[in-house]
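Trainee: I am new to this structure and would like to learn how to read it. Could we go through it one feature at a time?

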Amino acid sequence: MTTSRPIRVPLWATLLTALVAAMVSYYFVFARSGEAAPAADGSPSPKVVGGKPVPDGKYPFMAFLDIVTPQGGLSCAGTLIDPDSVLTAAHCLSGKKTGEPFGKVRVEAYVGRTVRSSNQGQVRSVKTAYIHQDFNLNRFVYDAAVLELRRPVSGIEPIELATSSQNVLERPGRGATVAGWGNTIAQVDQVPGGSEIPDRLLEAQVPIVSDSRADKAYAEYVPPLIIAAGGKNNKTTCQGDSGGPLFSALASDSAGDNGDGDNGGKYTQIGITSSGPGGCLVKGTPPAVFTELNNPSIRSFITSAASK
């Protein structure tokens with residue numbers, strides 16, 4: 001790891017141009033001061049790099065989010081947490097206020113779809129977005145949002161959310177899983193390295209990183225609110241993975257497993273993909289950052305929003 005503390009960037013949406021085949025990824029880039037810096041093309045800029053394809057039906061709780069605005073299309077990931085609620089990152093809906101009508105913005109959730117171009121799963125439009133009241137785009141804390149679907153999803157079991165009694169899932173060195181449809185090409189030192197957006201959901205196993213190591217890596221790191229994971233073995237999240245889960249299979253022993261164990265399809269989400277270093281991953285770069293779900297303020301927000 002380098003001695004300098006890099007900026008954090010959101011692993012945000014993939015920008016869809018009119019030519020769908022020519023997808024371009026971008027970042028919002030935040031310096032330590034919190035000032036936004038433009039991407040190389042003048043626009044604001046944030047696959048699972050090193051991931052492997054996910055078999056159909058392995059993670060039915062995954063949701064691909066298609067966000068259409070007057071300025072273009074964006075994509076993020078999310079997870080089904082109850083029949084009519086999807087959990088994602090607040091920065092995917094940057095600029096919206098809780099409960100505010102979508103207006104010209106349209107959001108659709110494809111739940112249970114592994115291959116984006118297929119007809120798998122169930123498609124639901126989003127009625128309302130609830131954004132954590134303390135979300136701060138400059139500091140990337142409380143990066144959580146709950147999407148209320150217009151119709152409930154049927155026949156798909158939601159993912160469980162970590163509770164305060166499951167801190168073992170965040171133990172440094174323990175394995176966890178990340179999944180998403182984001183860029184699979186590592187970005188080096190904030191210089192765009194191109195994009196390759198997978199059609200099939202990808203996953204990777206990443207180690208949880210200690211708060212002390214993450215604090216040394218980032219100028220602003222708030223351990224009670226965020227978790228760090230990855231940063232080794234050329235596996236990490238990248239642009240387009242925002243809002244997706246950091247999750248674990250519950251193991252039968254206290255040591256935990258590598259996040260990819262056979263547990264009958266039961267998984268527990270411990271984080272929301274939020275931000276990372278300027279380059280998605282080159283060997284030795286810092287870990288990615290995830291919103292911590294068992295933080296009392298974040299957990300209570302999610303529970304309250306999902307019950308509305």
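**Reading the model**

Mentor: Ser-242 is buried, since its relative accessible area is 0%. This is a predicted model, so each feature we discuss is read from a prediction.

Trainee: Where does Ser-242 lie, and which side chain does the side chain of Ser-242 make a polar contact with?

Mentor: Ser-242 belongs to the loop between β16 (226-229) and β17 (245-249). Its side chain makes a polar contact of 2.7 Å with the side chain of His-91.

Trainee: Is Tyr-59 buried or exposed?

Mentor: The cut-off for buried is under 20% relative accessible area. Tyr-59 has 3% relative accessibility and therefore counts as buried. This residue, too, is found in a loop, the one between β6 (52-53) and β7 (62-69). In sequence Tyr-59 and Lys-266 are 207 residues apart, while their C-alpha atoms are 9.5 Å apart in space.

Trainee: How should I read the confidence of the model, and what does the chain average?

Mentor: Start with the whole chain, then go to its parts. The chain averages a pLDDT of 76, and 71% of the residues score at least 70.

Trainee: Now the strands. How do strands of a sheet pair?

Mentor: Strands of a sheet pair through backbone hydrogen bonds, in a parallel or an antiparallel sense. Here, 6 strands close into a barrel, in the order β7-β8-β9-β12-β11-β10, with antiparallel pairing. On average, neighbouring strands of this sheet are turned by 40° against each other, direction ignored.

Trainee: How many bridges join β7 to β10?

Mentor: There are 6 bridges between β7 and β10, which run antiparallel. Phe-64 stands opposite Tyr-110 in β10.

Mentor: Continue from β10 to β11. Strand β10 (residues 106-111) is joined to β11 by 4 bridges, and the two run antiparallel. Glu-108 has Ser-125 in β11 as its bridge partner, and Val-111 has Gln-122 in β11.

Trainee: And how many of the residues of β11 are buried?

Mentor: Strand β11 is mostly covered, with 7 of its 10 residues buried. On to β12: β11 and β12 pair over 5 bridges in the antiparallel sense. The bridge partner of Ala-129 is Leu-147 in β12.

Trainee: What joins β9 to β12?

Mentor: β9 and β12 run antiparallel and are joined by 4 bridges. Leu-87 has Val-146 in β12 as its bridge partner. Helix α2 packs on the sheet, touching β8, β9, β11 and β12, and its direction makes about 10° with that of β12.

Trainee: Which residues of helix α2 are buried, and on which side of α2 are they?

Mentor: Look at the list of buried residues, then at their directions around the axis. In helix α2 (residues 296-306) the buried residues are Ile-298, Phe-301, Ile-302, Ala-305 and Ala-306. They are on the same side of α2 because they cover an arc of only 115° around the axis.

Trainee: What covers the buried residues of α2?

Mentor: The cover includes β8 (72-82), β9 (85-88), β11 (122-131), β12 (145-149), β13 (160-161) and β19 (288-292).

Trainee: What is found at the start of α2?

Mentor: There, a side-chain oxygen of Asn-295 reaches to within 3.0 Å of the backbone nitrogen of Ser-297.

Note on methods
Residues numbered from 1 in each chain as written. Predicted model: local features only at pLDDT ≥ 70, side-chain atom pairs only at ≥ 80, totals over all residues. Heavy atoms only, no water. Buried < 20%, exposed > 50% of the residue type's maximum accessible area, 1.4 Å probe, protein only. Arc of directions from axis to C-beta. Contact = heavy atoms within 4.5 Å. Polar contact = N/O pair within 3.5 Å; in protein donor to acceptor, adjacent residues only side chain to side chain. Pairing = 2+ DSSP bridges. Axes fitted to C-alpha atoms, helices over the stretch in contact; angles between N-to-C directions. pLDDT = per-residue confidence, 0-100.
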